[in-house]
Amino acid sequence: MDGVRQTFDVLTRLVGAGGVVVLSGAGLSTESGIPDYRGPSGAARRHTPMTFQEFTRDAAARRRYWARSHLGWRLVARAAPNVGHRAVARLQRAGLVGGIITQNVDGLHTAAGSTGVVELHGRLDEVVCLNCGNLTSRDELDRRLRQANPGFVARVAHVNPDGDVDLPAEAVAGFRTVDCGICGTGTLKPDVVFFGETVPAPRVAACFALVERARAVLVLGSSLTVMSGRRFVIRAAKLGIPVAIVNQGPTRGDGYATLTVDGPLGEVLAALADRVAGPAVAAGSPAAV
């Protein structure tokens, strides 16, 4: 117990000094009902994510993706920020967090009140045309898909981290996709980075710039299994910038970390924010007005 307390004390001193850049992963959103790939909820053990190559080359794969995602989106759209997201926003408002990079596509950091969030892998609530590049809202696409598929229903057991659900083949067979509403023929894709797709170079450069200016990097809920996020931890370590990792279970970045905290994200972050940013103010209280 003393060791845990000492580690938490080190974390509070590191974050309390300010200049922190947060790098968050799927583990931060599990308490909002969105499972991660490799953590305790283990979605990767039963779900193979759609790849960019399969999506762009195979019309049947696109139909399968959109049928699943059409149902999964309704669950993601209802997800609300949890205590961990709100704690990060409190740390930012207190001037301790100078930048937030998220690998998540759920938009929950922004919904919790954080600003200037760099969404490394894009946002699930936007849709891009691969022909003309037009961006539209996911709500608009949802409306069009409902019109094209009246009566489409299926039992949803759980939603996957990339916003789709598992469906049997017979539930997918009759699903109708829609093309871009602007150019009329373009293939629509959620404006997220699929597996096998490259993160836009300017976005990566912006993340490196944030890390290089940081006094410390705080990793939250990421296994750092893929290089997309781990590269920022490696860069920080090479520059001598302290790295703290809060996650349930080991990560591939532990060897670069100054300290690691293994515990529930919401519990740890709420305690951290209380310690260094002051207790949370309840909505409607005199101090919140």
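Ring pairs join Phe-55, Tyr-65, Trp-66 and Phe-194 into a cluster. The model is predicted. Across the whole structure, a search turns up six aromatic pairs.

A pair of aromatic rings is described by the distance of the centres and the angle of the planes. For Phe-55 and Phe-194, the ring centres are 5.2 Å apart and the planes stand at 90°, so this pair is edge-to-face. Phe-55 belongs to helix α2, residues 52-57. Phe-194 sits in the loop between β6 (188-192) and α8 (201-213). The pair therefore ties together parts that lie 139 residues apart in sequence.

**The pair of Tyr-65 and Trp-66**

Tyr-65 and Trp-66 also make an edge-to-face pair. Their centres are 5.3 Å apart, with 75° between the planes.

The values are listed below.

**Charges over rings**

Which residue lies over the face of Phe-194? It is Lys-189, at 4.7 Å from the ring centre. Phe-194 is also one of the cluster members. Arg-235 lies over the face of another ring, that of Phe-208. Here the distance to the ring centre is 4.1 Å.

How values were computed:
Residues are numbered from 1 along each chain as its sequence is written. This is a predicted model: local features need pLDDT of at least 70, side-chain atom pairs count only at pLDDT 80 or more; totals for chains, interfaces and linings use all residues. Side-chain values use heavy atoms; hydrogens and water are left out. Rings of Phe, Tyr and Trp (its six-membered ring) pair if their centres lie within 6.5 Å; planes under 30 degrees apart count as stacked, over 60 as edge-to-face and the rest as tilted. Helices (H or I, at least four residues) and strands (E, at least two) are DSSP runs, numbered from the N terminus. A charge sits over a ring if NZ of Lys or CZ of Arg is within 6 Å of the ring centre and within 35 degrees of the ring normal.
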